[in-house]
Amino acid sequence: MHSTAKGMARFRIPAAAATAALLLSVTACGGTTASNGIAELGPTVPAMAVNKDAAANLPESIKASKILIVAIPTNEPPTQFYKPGTQEMTGANPDIARLVGQALGVKVEIKVSNFDSIIPGIAAGRYDMTVSSMTPTTQRMQVLDFVDYLQMGNSIAVPKGNPLGINNQDALCGKKVGLLTGSYQLTANVPQANADCTKEGKPKLATSEFQDTRQAISALTSGRLDAVLADSPIMDFAAKSNPTIVISSKYEFTPVGIGMPKDSGLIKSVSAAMVDIVKSDSYKAVLKKYGLESSAITDPRVNFAQ
């Protein structure tokens with residue numbers, strides 16, 4: 001494991017950019033817990049061949065350490081979660097991070113962080129990159145470079161039977177809606193939804209924020225919320241696991257990207273690795289492993305804002 005002090009020496013973001021990064025999060029600080037991210041992908045996922053040109057273009061600090069430090073949130077199956085009884089992260093995001101590591105000939109060390117603490121952590125030099133279902137937005141692209149790796153939509157979860165008839169985003173006006181702190185839904189969808197509600201003379205969404213989906217679903221099933229709005233893979237998994245909730249609407253499928261410090265030079269290597277990965281049987285096997293075949297992309301675009 002790398003110490004925080006050593007990690008901070010890997011990439012430096014200019015002070016102005018670091019300040020902007022802190023402004024992109026609801027919470028600018030938060031503890032991180034190291035987990036055993038140096039792990040195999042398992043027998044069902046073929047190993048990626050090393051892209052020698054991409055490996056040669058890695059920043060010198062990563063060439064020297066041969067370790068890529070990746071920030072990932074936790075407890076959001078199937079995208080990321082702990083293997084039962086262990087501190088080893090699994091899920092689509094950790095596995096794709098490991099494919100990137102294989103393609104670049106380095107090991108991957110996963111650091112677990114609250115989603116809203118990841119960008120400040122990258123600004124402080126604690127992480128080399130993040131694979132956390134982060135949507136590339138114009139605001140985030142002020143401080144991070146992105147390369148697409150999956151596509152995800154929004155899903156609205158409601159109690160079984162959908163008693164309030166919430167069948168689309170327009171129906172959320174005036175409703176008690178749970179969202180994940182720092183999420184795309186909170187920062188992009190809610191402002192637009194509130195503007196639409198106001199235009200139609202309806203009350204805005206009554207939002208509540210949660211650090212993970214389990215907390216939000218608990219609030220929904222106990223009657224404290226009318227709906228939960230979050231990434232479709234996470235909500236689909238939650239609905240399959242909990243018969244008291246259903247998905248009433250799924251919409252707006254857009255790519256999510258691997259994020260890394262802007263102008264660090266890492267984007268050249270990671271984007272080249274992703275070109276190989278999305279064409280590979282390894283990528284298909286990872287998505288099949290978690291039931292995310294429909295989230296596959298064929299073009300890992302660089303810095304394409306959503």
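This is a predicted model: local features need pLDDT of at least 70, side-chain atom pairs count only at pLDDT 80 or more; totals for chains, interfaces and linings use all residues.

Modeller: Two strands count as paired if DSSP finds at least two bridges between them. E11 pairs with strand E7 (residues 144-159) in the antiparallel sense, over 14 bridges. Within that pairing, Asn154 has Tyr251 of E11 as its bridge partner. Strand E6 (residues 129-134) also runs antiparallel to E11, and two bridges join them. Here Thr130 is bridged to Gly259 of E11. In a regular strand, side chains alternate between the two faces of the sheet.

On the helix: H5 covers residues 92-104 and reaches 18 Å from its first C-alpha to its last, close to the 18 Å expected at 1.5 Å a residue. Of its 13 residues, twelve are buried, among them Asp95, Arg98 and Leu104. Gly105 follows H5, with a positive phi near 70°.

On the rings: a search of the whole structure finds one aromatic pair. Phe81 and Tyr290 form this pair edge-to-face, with 6.4 Å centre to centre and 90° between the planes. The pair links distant parts of the chain, 209 residues apart: Phe81 is in strand E3 and Tyr290 in the segment after helix H11. Phe81 counts as partly exposed because its relative accessibility is 21%, whereas Tyr290, at 12%, counts as buried. Separately, Arg301 lies over the face of Phe304, at 3.6 Å from the ring centre.

How values were computed. Residues are numbered from 1 along each chain as its sequence is written. Side-chain values use heavy atoms; hydrogens and water are left out. Helices (H or I, at least four residues) and strands (E, at least two) are DSSP runs, numbered from the N terminus. The expected span of a helix is 1.5 Å times one less than its number of residues. Buried means under 20% relative accessible area, exposed over 50%, partly exposed in between (1.4 Å probe, protein chains only). Rings of Phe, Tyr and Trp (its six-membered ring) pair if their centres lie within 6.5 Å; planes under 30 degrees apart count as stacked, over 60 as edge-to-face and the rest as tilted. A charge sits over a ring if NZ of Lys or CZ of Arg is within 6 Å of the ring centre and within 35 degrees of the ring normal.
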